Amino acid sequence: MNLEAIREKIGYQPFLLGVFALLASGALAWASSATGAAIAAAEAKDLRDSLSEVLPQGMADNDFLKDTVDLEKGGKTVTIYRARKDGEVKAALFKVAERGYAGDIQVLMAVDNDGRTLGVRVLKHAETPGLGDKIEVKKDPWIKGFDGKSLGDPAPEKWGVKKDSGIFDQFAGATITPRAVVKAVKGGLEFYDDHRQEILGGQS
Amino acid sequence: MSDNYGKLIKDGLWDNNVVFAQMLALCPTMAVTTSGTNGLGMGLATTAVLVVSNILVSMIRHTVSSQVRIPVFVVLIASLVTIVDMAMNAWLHDLYKVLGLFIALIVVNCAILGRAEAFAVKNGVVASAVDGLAMGLGFTGALTFIGLIREFLGSGTLFAQASNLLGPSFAFLEMKLPGYGGALLMILPPGGFAILGFLLAGKRVMEKRMDERAAAQAEPAAA
């Protein structure tokens, strides 16, 4: 029987589909195992790079990717990365998220033992290009305005954008975005305050 | 028809351009053309997938019966894109960070299934590869062109971050118009539709002129 005739048989169709599904799964499984390690390494490097950006140089001598605590925050698990120097925790790094104008804004922040921010960076957002994206450090230095701030400095009622009689600038045409970032950072500092003992692990 | 490579290339690049003539793949076109670099990167990734998928579809065209060809092609293209996605994530991680979101979009790019259906399933391997390459490059050209216009009008730059995509030696491509704030509209989706509309109209006018000129030249010869 030639191929033309076999091709029209009813049993041929499911067999063919099955063979292709099998081949495709095989190829994907092979590709996944071949790339898995390299992808994990690249992602770990990304995380290390962004963590290093919020942490001032020379603050840590440990591998803070491996020194973590998992805490509960509003039903979700937050991973805290601890930067140590000479064995003592010097700073805590963690991610917070707040709803912005378009979807969640993910913020990475580093907090020192006195509850002051060492650095804040926006990791991921979907704000309007040209208006809300000034929260990115490469577009605008605005986000550096959080450095050195703590829950008491400025006073709690000043933790807002200028429109809400706070101290942080808003952008022309975009108030919701900076408001969300301010709220995220303040939430992060409060979270740190609530869990200071667990993060520092008994050390004062 | 299938052996005329010159015509295949001209078809892909101009006469039957994926975006400007077939009006396919407009979803990725609108999504990624906010800058010339994004358009170029997406176009090149799509070209790679298109060439490989055309070759594979052409190779199995006698084995696959016409009743189940669509699911088979979809499985094939989806696997191919997933492998490209993982390979880029693993070994071209910096480029992946720029384009990562869009790579998965290639699966739903109807141009790829369209070429498999319209061309590769009826033609030989070499012709299919040439067709895939020509269509892909036509798509790349269209995306880069739209991207450059939107980027120039929208943010006053050309090929911003091109060195991320092509390597530091291409940094000379990056240009910035000093003192121009940019028209935000062009970066947003309406700008994409507007630019595409103008370009389509422009292509029609050009083709009409070319036809008229060809007709004018043909007339004295006939007389």
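The model is predicted: local features need pLDDT of at least 70, side-chain atom pairs count only at pLDDT 80 or more, and totals for chains, interfaces and linings use all residues. Residues are numbered from 1 along each chain as its sequence is written, while chains are lettered from A and ligands numbered from 1 in the order in which they are written.

Chain A is assigned two domains, domain 1 (3–53) and domain 2 (58–200). The bounds come from an automatic or database domain assignment. The domain centres, taken over C-alpha atoms, are 38 Å apart. Domain 1 of chain A gives six residues to the contact and domain 2 of chain A gives eight. Contact here requires C-beta atoms, placed from the backbone, to lie within 7 Å. On the domain 1 side, three residues are nonpolar, one is polar and two are charged. In this scheme Ala, Val, Leu, Ile, Met, Phe, Trp, Tyr, Cys and Pro count as nonpolar, Asp, Glu, Lys and Arg as charged, and the others, Gly among them, as polar.

Chain A contains an open sheet of five strands in the order S1-S2-S3-S4-S5, with antiparallel pairing. Strands (E, at least two residues) and helices (H or I, at least four residues) are DSSP runs, numbered from the N terminus. Two strands pair if DSSP finds at least two bridges between them. Strands of a sheet pair through backbone hydrogen bonds, either parallel or antiparallel. S1 and S5 (117–124) of chain A are the edge strands, and each pairs on one side only. On average, neighbouring strands are turned by 25 degrees against each other, direction ignored.

S1 (residues 68–73) and S2 (residues 76–85) of chain A are joined by six bridges. A:Lys73 lies opposite A:Lys76. Two residues separate these strands in a hairpin, and A:Gly74 in the turn has a positive phi of about 55 degrees. S2(A) also pairs with S3 (residues 88–99) of chain A, over five antiparallel bridges. Here A:Arg82 has A:Ala92 as its bridge partner. This hairpin too has two residues between the strands, and A:Asp86 takes a positive phi near 50 degrees. S4 (residues 104–112) of chain A runs antiparallel to S5(A), with six bridges. A:Leu108 stands opposite A:Arg121 in that pair.

H2(A) lies across S2, S3, S4 and S5 of chain A, at about 140 degrees to S5(A). H3 (residues 176–194) of chain A touches S1, S3, S4 and S5, and its direction makes about 140 degrees with that of S3(A). Axes are lines fitted to C-alpha atoms, for helices over the stretch in contact, and angles run from 0 to 180 degrees between N-to-C directions.

Chain B has ten helices and two strands. Its C-alpha trace spans about 65 × 60 × 30 Å along the principal axes. In chain B, the axes of H6 (residues 110–120) and H7 (residues 125–155) come within 11 Å and cross at roughly 145 degrees. Residues in this contact include B:Phe119 of H6(B) and B:Phe139 of H7(B). By class, the contact has five nonpolar, two polar and two charged residues.

Between the chains, 21 residues of chain A are in contact with 21 residues of chain B. H1 (3–8) and H2 (12–54) of chain A each supply at least two residues of the chain A side. H2(A) gives the largest share, 15 residues. This side has 15 nonpolar, four polar and two charged residues.

Terms used:
Contact = placed C-beta atoms within 7 Å.
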